[in-house]
Each structure stands twice: as structure tokens, then as C-alpha cells.
Amino acid sequence: MGLSQKIAALLGKRHNIEKEIAKLQKSCKHSVKSIKQVQERVGSSNLIIRYVCDKCSKVLGYPTQQETNNFLKE
């Protein structure tokens with residue numbers, strides 16, 4: 001298997017995994033959330049502070065400035 005074929009196969013697998021994750025996150029009720037640091041985007045080294053579902057790891061929203069300050073003090 002050549003390099004380009006191997007990369008294409010891996011990209012296809014990643015696409016399928018991302019679809020599966022999206023499907024699971026869509027069905028989640030997001031009943032428990034926490035403030036966490038997450039990557040700004042896939043492959044990024046920048047971390048941002050967001051509300052994240054504790055069950056499915058989906059980013060749900062933005063904490064207030066006071067919540068962010070409290071999180072950073074911990």
C-alpha cells in the first residue's frame with residue numbers, strides 16, 4: 001500500500017469516527033456539564049475555556065467572565 005493510499009484510508013476512518021462521535025453527542029442529554037480547557041480546533045495547541053458535557057465531551061457554550069476567573073483561580 002502506497003503512502004497516498006494509506007493516508008486516504010486513515011482519513012476515511014477519521015471521517016467515520018467523527019460522524020459516529022457527532023451522532024452520539026447529538027443523542028446525549030448533556031445533563032452534567034463542567035468548565036474545562038479544550039483545544040480551540042483540532043490539532044491546535046491553543047486552549048480555550050468552555051462548558052463541556054461530562055458524558056460526551058461536547059463543547060456546550062461559554063462561561064461568564066466571573067466563572068472563567070473562578071476556574072482560573074483553582
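Predicted model: local features only at pLDDT ≥ 70, side-chain atom pairs only at ≥ 80, totals over all residues.
Residues are numbered from 1 along each chain as its sequence is written, and side-chain values use heavy atoms, with hydrogens and water left out. Local features need pLDDT of at least 70, side-chain atom pairs count only at pLDDT 80 or more, and totals for chains, interfaces and linings use all residues.

Gln 25 lies in helix 1, which spans residues 3-27. Helices here are DSSP runs of H or I with at least four residues, strands are runs of E with at least two, and both are numbered from the N terminus. Gln 25 has a relative accessible area of 16%, so the residue is buried. Buried means under 20% relative accessible area, exposed means over 50%, and partly exposed falls in between (1.4 Å probe, protein chains only). Setting aside residues up to four places away in sequence, Gln 25 touches His 30, Cys 56, Ser 57 and Lys 58. Contact means heavy atoms within 4.5 Å.

A pocket is found on a 1 Å grid over the protein atoms alone, as an open set of points where a 1.4 Å probe fits, with protein on both sides within 12 Å along at least five of seven lines. Lining residues have an atom within 4 Å of a point. The volume of the largest pocket is about 390 Å³. This volume is the space filled by probe spheres set on the grid points, which are joined across faces, edges and corners. Helix 1 gives the largest share of the lining, four residues. Helix 1 and strand 1 (33-39) each supply at least two lining residues. By class, the lining has five nonpolar, three polar and four charged residues. Ala, Val, Leu, Ile, Met, Phe, Trp, Tyr, Cys and Pro count as nonpolar, Asp, Glu, Lys and Arg as charged, and the others, Gly among them, as polar.

Ile 48 is part of strand 2 (residues 47-53). Beyond its neighbours within four places in sequence, Ile 48 contacts Lys 36, Gln 37, Val 38, Gln 39 and Glu 40. Cys 28 is 20 residues from Ile 48 along the chain, and their C-alpha atoms are separated by 23 Å.

Thr 68 belongs to helix 2 (residues 65-73). Its relative accessibility is 14%, so Thr 68 counts as buried.
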